[in-house]
Amino acid sequence: MESYISNELGLRFPPIVLLKSDEKPDDAKGPKAGKGGCVMSFVAQTIAKRVTTCFGRENISCGGISSGFGWGSGLPTEEDIDFQATFLSCGLESAPDKEAYQKRLDKMPRVREMFREGERIFADFETAKANIKNRPIYDEGNYVIFKALENLEEGEIPKSVIFTLNPLELTVLIQLNTSFRTDNVCLLTPQASSCQSIGCFVFNQDEKDDPVPVLGPIDLAGRSKTKHFIPNDYLTLSMPWKLYLKLEEVSKKSVLQTELLENYLK
């Protein structure tokens, strides 16, 4: 399947899709069982190289991935939530129990300094914890598969369609998204990890009658895993399958056919 939007804009990175499955494709690239890491390095390879990649429950290495890909919260205890909230705010400085947090850091020599400083995507511990508890949580499928849209097979229904766009391309997609609306004229930009912005927040939008696209990634940790494949000025815009089909439909009588846009694209 090809995207009319992508072809008309001549996108450097045509859209990819996220699929959920209980079976791992034989030809998919991914980490070995027991090996985790950030999934965004694999997503970036699908975006840039058009290879199929796969990530399974056996590769989970953080609670963010668990919630991002719809494998539960990944944080089974209150202590786990507190540790995550401390890291996502100001690290040791934010810890309600500094001694307990430091003890966990002592067992994490490779990333100790990063966790001591904190990722600082939330201003304080309380805000981080409230946001963690408000994440959309799902639990289904053993594998998440990423593939190029053009490699989508008959009968496969993606859970998320992911565009990777420069500022001009993003401008056009935003205009397409708002061109048929009289209400809910917005994008969702959650304070979320990269995998959550293409995963669980899109899954949540799919439950709505009037879904909106999800903009990302706004976390530097996730972006650091994609910079070898995707330039820094690109962003992702992800959406449920039904919204993607709607944008494809409205795009055929839209700004894409104007001389104004053609002049920009020259």
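Where is arginine 181 placed relative to α8 (167-178) and α9 (194-198)?

Arginine 181 lies in the loop between α8 (167-178) and α9 (194-198), where helices (H or I, at least four residues) and strands (E, at least two) are DSSP runs numbered from the N terminus. This is a predicted model, in which local features need pLDDT of at least 70 and side-chain atom pairs count only at pLDDT 80 or more, while totals for chains, interfaces and linings use all residues. Residues are numbered from 1 along each chain as its sequence is written, and side-chain values use heavy atoms, with hydrogens and water left out.

Arginine 181 counts as buried because its relative accessibility is 9%; buried means under 20% relative accessible area, exposed over 50%, and partly exposed in between (1.4 Å probe, protein chains only). Its side chain is joined to that of aspartate 210 by a polar contact of 2.7 Å, a polar contact being a pair of N or O atoms within 3.5 Å; within protein, one atom must be able to donate a hydrogen and the other to accept it, and residues adjacent in sequence count only if both atoms are side-chain atoms. Leaving aside neighbours within four places in sequence, arginine 181 is in contact (heavy atoms within 4.5 Å) with Asp210, Pro211, Val212, Pro213 and Leu243.

## The chain as a whole

The chain holds 13 helices and six strands. Its radius of gyration is 19 Å, close to the 18 Å that the globule rule gives for 266 residues, so the chain is as compact as a globular protein of that length; the radius is taken over C-alpha atoms, and the rule is 2.2 Å times the number of residues to the power 0.38. Along its principal axes the C-alpha trace spans about 65 × 40 × 35 Å, and buried residues make up 50% of the 266 residues.

## Nonpolar cores

The largest nonpolar core has 29 residues, and those with the most contacts inside it include Ile5, Phe163 and Leu247; such a core is a set of buried Ala, Val, Leu, Ile, Met, Phe, Trp, Tyr and Cys residues joined through side-chain atoms within 4.5 Å. Two or more residues come from each of α1 (4-9), β1 (16-21), β3, β4, α8, β6 (235-239) and α12 (241-250), with α12 giving the most, at five residues. Not counting residues up to four places away in sequence, leucine 247 touches Ile5, Leu173, Leu176, Asn177, Phe180 and Met239. A second, separate core of 27 residues includes Phe13, Phe42, Phe201 and Tyr234.

## Helix α7

In helix α7 (residues 125-133), Phe125, Ala128, Lys129 and Ile132 are buried. Seen down the helix axis, the buried residues of α7 fall within an arc of 95°, so they line one face of the helix, the arc being that of the directions from the helix axis to the C-beta atoms. These buried residues pack against α4 (78-88). At the start of α7, a side-chain oxygen of aspartate 124 reaches to within 3.3 Å of the backbone nitrogen of glutamate 126.

## Glutamate 150

Glutamate 150 is found in the loop between β3 (143-148) and β4 (160-165), and at 35% relative accessibility this residue counts as partly exposed. The C-alpha atoms of glutamate 150 and methionine 1 are separated by 4.5 Å, although the two are 149 residues apart along the chain.
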